[in-house]
Amino acid sequence: MADPAAGGGHLSGGRNREVCRAMNPLTTLVEARFDPHYHNKYATLMAAGNGALGVRATHEEAYATQTRGMFFAGLYHRAGEGETTELVNLPDLVGMDIELNGEIFSLLGGEILRYRRELCFASGELARIVEWRSAQGQRFTIASTRFVSAARRGLFCLRLAITAHDGAATVRVATGIDATQTNSGRQHLAERELRVFDNCYLQGRYRTLDNASDVTLGCACRVSPQAQVSFSAKNRRLLQHSQQTLATGECFTLEKCAWVSASPDAPDDGAASVALRALRECATVGYDALLAESSEARRVWWRHARVEVDSENEADQQALDFALYHLHAMTPRHDERSSIAAKGLTGEGYKGHVFWDTEVFLLPFHLHTAPSVARQLLRYRWLNLTGAKRKAARGGWQGALFPWESARSGEEETPEFAAINIRTGQRQKVASALAEHHLVADIAWAVATYWQATGDDAFMAKEGRALLEDTARFWLSRAQDVNGRLELHDVIGPDEYTEHINNNAYTSYLAHYNVALARENHRRLGVPDDAFTAQCEDFLARLYLPVARADGVIPQDDTFFSKPTIDLTRYRASAGSQSVLLDYSRAEVNEMQILKQADVVMLLYMLPWRFDNATAAANLDYYEPRTIHDSSLSKAIHGIVAARCGRRDEAYRFWRAGCDIDLGDAPHSSDDGIHAAATGAIWLGAVQGFAGISVKAGELHVTPSLPQQWRRLAFPFCWQGRQLHLVITHDALTVRSDGAVRLFINDTAVDVEGERTFCLSADVCKEATCNRMQ
Ligand code: BGC
């Protein structure tokens, strides 16, 4: 445990990080320098979370440029007319006003003698150590640690230790619950009651302005016995003020234990007393024991999820650990009415909304490490079928049209308008909610991957059936007859720079697959053929699927090939910034061969069994130079398709670029939250790209293609009720399974129970148990 009070307040010798290092020396993320340009980036990257509660890693002391943030999964509210429903940025628990001998502590003043922040992925504990000389010339060590518990849903703990050097000093610290926090100025909460119980427990009760949800925040701050304490409640801040005069070398300590509870679906007057009980209990247990309990819960989680890589580049293991740390933090395992937001629980970006990112980029990780979580994510959609049917009906269609952006109610939450053109005052309509319909088939695709990986009959008879049938019905009604063939008009594919087009290959192939899945599921369940099945058969026979040209390139849509190309070098160099839109209007971009993100390449990724490697390679070569990769969902997919084509160097380059979306040096790229899909894609790249895992005709295929830089890749993998563990080197693949399982290694069927090693290289394998696969 890192004890800030130990060793004169220095954190470096903390036991907790020794534990962390023992587990893996690379599983930390370090901020070595204080740089205000990076405040918000690190507040995102180092955010703490447990799937229910997310807390941005802002500094305790205030900086005008840092955006604080604390979110509770599923707690959304709309601030008023013309506003969009958003994940509420809750009252702040992190902030502290620190005064050292009358001087306000801020790293923008005085002198920084030492600075280091380190997030330990294993324990989830964030530690900061600062040595600071005040303007008056007195040195202080200010150390803090904090974590969100992985064992108790509402728990956030923070510990602060301030040591005075160079003579006596008076330390004043004010902290508590600060409800002046807003979502960029939009206030969602009304203060209902503020209390201090037993001269110790602060509690604030808040209700969303629409009276629909309650939130209760409580905290207890235990300080050194010599400190004097008082309380205040003013201007939405409920605070404990602590003061202590320190002799040289003496330390002021503060241990803040906070409990957050929310009832998103209805006001709950009883919640406050339950929350107070939970807080009292935690405060009694104390920071060290609470951290130990949380670390143990994380240890168990990591055991079933961790991907280990032995690479020339140390950053590779760090990227994987970073990704998985956030995949854990962002996933609301406790609540099937919540799903994973595009920024997880780390920032206000995308207003906490849920996109296709969840089913396509995030669900596979859960499916193969904790299948019940994948099931729950699909149930979130199933529970929201009513809203999806309403949206379809509004458009004049049947079945279910899921909202492009979803929150809690299942209704469409996409803002109607995007950024304003401040010269004209005009706002651009957001077209995705109107025409980006591929999401419907993406959800069906996810249902199919769930079914293949789990064989969960009960799910497929109820939730799976409803999801497949209602999504299929949407496509049946969405298609139009053009001279005897069915076409899908006025859609937007994944490439959002090409809007309102006909016969987008991605959408059409996925819609076809969606209807085929529904038809097949009916057959499997023994549902008698009816008008629906007949319609499905007709759709499958008559839907137009764009065909590849002689050179193998599949047209993205009907008009794509007829559009001009321009030199994209400049825009590709600043991928992610949408800089092309500074030079061209959206309408102009629409009329050129410019892709925001993988589209046909995305199709190759989603349905690999439909296209051979030559086709995949031809499309990669055609579309990649035309793709800016302005979406974080793009590069990793190109990488996986490249890996499947055996283009290892290219695949690795893309994978690394995907890691850099959040972990790269750009100062502001992640300010408003993590790129959740990109973290999922880091896992996808390792497992589906380099390990070459794919499912074809319901069979599990492993076709490894390790990059040169990697010597070994190892990971756990759940498949049809079996727990597998795979270890891949350039020469061999070792599979361990806790029960009989059949898989295809480089397309050869093998059966494994217990452990078997297979030779992947032409060299003679020295392992006695080895089976040659090539
Ligand atoms: C991408 C979408 C994605 C969304 C949320 C957009 O920029 O184009 O594909 O779903 O971001 O991550």
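Tutor: Let's start with the layout: the C-alpha centres of domain 1 and domain 3 are 46 Å apart. The chain splits into domain 1 (29–304), domain 2 (312–683) and domain 3 (691–773), with bounds that come from an automatic or database domain assignment. Keep in mind that this is a predicted model, where local features need pLDDT of at least 70, side-chain atom pairs count only at pLDDT 80 or more, and totals for chains, interfaces and linings use all residues. Residues are numbered from 1 along each chain as its sequence is written, and side-chain values use heavy atoms, with hydrogens and water left out.

Now for the empty space. Rolling a probe the size of a water molecule over the atoms shows where such space is left. The structure has six cavities of 30 Å³ or more. A cavity here is a set of points, on a 1 Å grid over the protein atoms alone, where a 1.4 Å probe fits but cannot get out; lining residues have an atom within 4 Å of a point. Grid points are joined across faces, edges and corners, and a volume is the space filled by probe spheres set on the points.

The largest cavity holds about 270 Å³. Its lining has 17 residues, and W445, T449, Q688, S694 and V695 are the ones nearest its centre. Elements giving two or more residues to that lining are α6 (357–367), α10 (438–454), α18 (600–606) and β25 (693–696); helices (H or I, at least four residues) and strands (E, at least two) are DSSP runs, numbered from the N terminus. By class, you get 11 nonpolar, five polar and one charged residue, where Ala, Val, Leu, Ile, Met, Phe, Trp, Tyr, Cys and Pro count as nonpolar, Asp, Glu, Lys and Arg as charged, and the others, Gly among them, as polar. Because domain 2 (312–683) and domain 3 (691–773) both give residues to this lining, the largest cavity lies between them.

The second largest cavity, at about 70 Å³, brings in domain 1 (29–304): that domain and domain 2 (312–683) each supply at least three lining residues. Among the lining residues are A73, Y76 and L87, along with M330, I340 and G352. Seven of the lining residues are nonpolar and five are polar, with no charged ones.

Definitions and conventions: 1 Å grid on protein atoms, 1.4 Å probe; cavity = no way out; pocket = protein on both sides within 12 Å on 5 of 7 lines; lining within 4 Å.
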